[in-house]
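How is the chain below built up, and where do its nonpolar residues gather?

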Amino acid sequence: MLSADLVRVMKARGCPICSLVERGERSFIESVLYEHPLDPQVHIALKRSLGFCRRHSDLAAEIVLSKPEIDPIAVAVLYEDLARKVLDDLSGGEVRQEAPCPVCSLMKELEDIYLRTFISRVEVIREAYERGPAVLCLRHFLKLKPHISWLNQVQMRKIEGLLRDLQGFIEKRDYSSRGKLTEEELSSWRVALKVFTGVDGRERSGSFIEKFKSLLRPHLE
Ligand SMILES: [Zn+2]
Ligand SMILES: [Zn+2]
């Protein structure tokens, strides 16, 4: 049940949509490598996309290295086929990507499904979201906001809570302070990274990108 999945992940502090999409992308790569490395459909998809994107190549490597039951031969078999295709293309003078990374496509689909569930099962979702420690990342909040009247108010309370935790963490790290850090304060910096990172470059305004380019410049030179 999709709404039951959402309610369950709302008991954790991350973004419920991101958590479910991340779970989906990981299990998709695991299943490709564990059960389907010889599946012709998988070979076709990876040849059309010219392999996994950077994020999913890294994740595939992490999965192979951390799961003894997944044989690296699975990657070798898929990429041997891809290498031959690329060589073929190169001999014709051009390498073309015909489709996006298949895991990215799946993530997009999963994201849409869970966003739609969040909106359509709102009576179950509202209670779980209000009570639980989950905080929607900004990207998913902005996608849901136009469809859910109460969400703005609830999200403000969540961000206020996160702000208090960040402030508590900063203040109590001072040696003169006697306060004991709570678990929420200790993990607040990690939650903040997650909550404020969901908006990717394409969705930010141009001026935002320009600002960050100027910050990055010294490291690029
Ligand atoms: Zn999210
Ligand atoms: Zn990808």
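The sections below cover the model and its numbering, the overall fold, and the nonpolar cores.

## Model and numbering

This is a predicted model, in which local features need pLDDT of at least 70 and side-chain atom pairs count only at pLDDT 80 or more, while totals for chains, interfaces and linings use all residues. Residues are numbered from 1 along each chain as its sequence is written, and chains are lettered from A, with ligands numbered from 1, in the order in which they are written.

## Overall fold

The protein chain has 12 helices and 0 strands, where helices (H or I, at least four residues) and strands (E, at least two) are DSSP runs numbered from the N terminus. Of its 221 residues, 21% count as buried, that is, with 20 or more other C-beta atoms, placed from the backbone, within 10 Å of their own.

Among contacts (C-beta atoms, placed from the backbone, within 7 Å) with a separation of 6 or more, 77% join residues 24 or more positions apart.

## Nonpolar cores

A nonpolar core is a set of buried Ala, Val, Leu, Ile, Met, Phe, Trp, Tyr and Cys residues joined through C-beta atoms within 7 Å. In the largest one, which has 19 residues, C15 and I17 touch the most other members. At least two residues each come from α1 (2-9), α2 (16-35), α6 (102-120), α7 (122-131) and α11 (188-195), and α2 gives the most, with 4 residues. Domain 1 (15-103) and domain 2 (135-220) each contribute at least three residues to this core, the bounds coming from an automatic or database domain assignment.

Leaving aside residues up to four places away in sequence, I17 touches E111, Y114, L115, L136 and H140. A second, separate core of 12 residues includes L33, L46, A60 and L78.

Terms used:
Two residues are in contact if their C-beta atoms, placed from the backbone, lie within 7 Å.
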